[in-house]
Amino acid sequence: MQHAVGAPLPPPHGPGHGPAGWTHSAQHLGPPPGAPAGPPPAAPAGPPPQGRPPAGPPPAGRPPAGPPPAEPPHPQSHPHGGHPAPGWSGPASQHASAPASRDTTGHIQLPPGGPVPIPAPPPADSGTGVTTLAVLLIGPAGAGKTTVARHWATSRRVPTAHISLDDVREWVCSGFADPQSGWNDHSEAQYRLARRTCGFAARNFLANGISCILDDAVFPDRPVVGLGGWKRHVGPGLLPVVLLPGLEIVLERNAERSGNRRLSDEEVASIHGRMAGWYGSGLPIIDNSKYDVETTARVLDDVLARSIASPPNW
């Protein structure tokens, strides 16, 4: 099924093509409305200034003096194309005319974000240590993915970012397609768009030396959309871990939620049942039914250290 997500943007306006209704003639100043048309008034005649000889024929052998030849004007280029706006002149505009590089933010050169490779194993008995890595934390609603991911990212000794898929989905303010109102093409398209956006962010963080952990409710019966999509968006170095507590724990935590993050008990039970398909998949699974957040984050770090030494086959 094809979606409009990722379709190319319309071509930008070319040089000199501004918004509709904007003409460049409006930028050239002319006589005020109602002024009489005609040649400009001549300068008043009068005696030559003191100390300057009167005009006359030039000396023999010398060409007649006159005003220097007029040079054609050099239009200043606007940094965004087109003609400069009124008052756009001076040294600042000369520097602004140089096009900015796509790979710079201000004056800082940023490495491009490519597919994330498998990280090197950390020192023994040090957890993930100072390894730069990308993690995908999987689990049903109410498993504590977001809370554990944020705690793990905060407690690391190296720069680490937390990217929540639900947070990115809710960047859409007008036209948000909530799956609770009915799963359709629009909600699926926004899910795909959010996953791809998270993948872009993860690759950029990793390329600039910042680890990241993403959280998403990936279903084992939809590998192409779930794990396959994440592997395409981030790279083969992404380390998936499943967080799967008991059903009663998930129902209890879901009851504490509010807004569109809270699901019905039937939905929670259905999602939890589908997540049980991860058993036997080869992915590491953490049952955090009896763990607090800090303990779960510590167990997660140990599991990730083992995954780096022996990456799961997924």
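Q: With which residues is Cys212 in contact, leaving aside its neighbours within four places in sequence?
A: In this predicted model, Cys212 is in contact with Leu133, Ala134, Val135, Thr160, Ala161, Ile163, Ala202 and Leu206, once neighbours within four places in sequence are left aside. Contact here requires heavy atoms within 4.5 Å.

Q: What makes the set of residues around Cys212 and Leu214 a nonpolar core?
A: A nonpolar core consists of buried residues of listed types, Cys and Leu among them, joined through side-chain atoms within 4.5 Å. The largest such core has 30 residues, and those with the most contacts inside it are Leu136, Ile138, Cys212, Leu214, Trp230 and Trp278. Strand 3, strand 4, helix 3, helix 4, strand 5, helix 5 and helix 7 each supply at least two residues. Helix 4 gives the most, with 5 residues. Apart from this core lies another, of 17 residues, including Leu133, Trp152, Ala153 and Leu239.

Q: How do you know that the span of helix 4 agrees with its number of residues?
A: Helix 4 covers residues 185-207, which is 23 residues. The expected span is 1.5 Å times one less than the number of residues, which gives 33 Å for this helix. The end C-alpha atoms are 33 Å apart, so the two values agree.

Q: What caps the N-terminal end of helix 4, and what follows the helix?
A: Asn184 is the cap: one of its side-chain oxygens lies 3.0 Å from the backbone nitrogen of His186. Helix 4 is followed by Gly209, whose phi is positive, near 80°.

Q: Which elements cover the buried residues of helix 4?
A: The covering elements include strand 3 (134-138), strand 4 (160-164), helix 3, strand 5 (211-216) and helix 5 (227-233). Among the buried residues of helix 4 are Ser187, Tyr191, Ala194, Cys198, Ala202 and Leu206.

Q: Why is Glu188 called buried, while Arg192 is called partly exposed?
A: Buried means under 20% relative accessible area, and exposed means over 50%. Glu188 has a relative accessible area of 8%, so Glu188 is buried. Arg192, at 31%, lies in between, and therefore counts as partly exposed.

Q: What makes the pair of Asp216 and Arg195 a link between distant parts of the chain?
A: Asp216 forms a salt bridge with Arg195, with the closest N and O atoms 2.8 Å apart. Asp216 is in strand 5 and Arg195 in helix 4, 21 residues apart. Both Asp216 and Arg195 are buried.

Q: Why does the salt bridge of Arg274 and Asp221 tie together separate parts of the sequence?
A: The closest N and O atoms of this pair are 3.0 Å apart. Arg274 lies in helix 7 (residues 265-275) and Asp221 in the loop between strand 5 and helix 5, so the bridge joins parts that are 53 residues apart in sequence. Arg274 is partly exposed at 32% relative accessibility, and Asp221 is partly exposed at 47%. The whole structure holds 4 salt bridges.

Q: Why is Asp166 called partly exposed?
A: Its relative accessible area is 24%, which lies between the limits of 20% and 50%, so Asp166 is partly exposed. Asp166 lies in helix 3 (residues 165-169), and a polar contact of 3.3 Å joins its side chain to that of Arg169. Leaving aside neighbours within four places in sequence, Asp166 is in contact with Tyr191 and Arg261.

Q: Why does Ile249 count as buried?
A: Ile249 has a relative accessibility of 17%, which is under 20%, so Ile249 counts as buried. This residue lies in helix 6 (residues 247-255). The C-alpha atoms of Ile249 and Ser289 are separated by 6.3 Å, although these residues are 40 apart along the chain.

Q: What makes strand 4 and strand 7 the edge strands of the sheet?
A: The open sheet has 5 strands in the order 4-5-3-6-7, with parallel pairing. Strand 4 and strand 7 (285-286) each pair on one side only. Within the sheet, 5 bridges join strand 3 to strand 5, and Leu137 has Asp215 in strand 5 as its bridge partner.

Note on methods:
Residues numbered from 1 in each chain as written. Predicted model: local features only at pLDDT ≥ 70, side-chain atom pairs only at ≥ 80, totals over all residues. Heavy atoms only, no water. Helix = DSSP H or I, 4+ residues; strand = E, 2+ residues; numbered from the N terminus. Buried < 20%, exposed > 50% of the residue type's maximum accessible area, 1.4 Å probe, protein only. Polar contact = N/O pair within 3.5 Å; in protein donor to acceptor, adjacent residues only side chain to side chain. Salt bridge = Lys/Arg side-chain N within 4 Å of Asp/Glu carboxyl O. Pairing = 2+ DSSP bridges.
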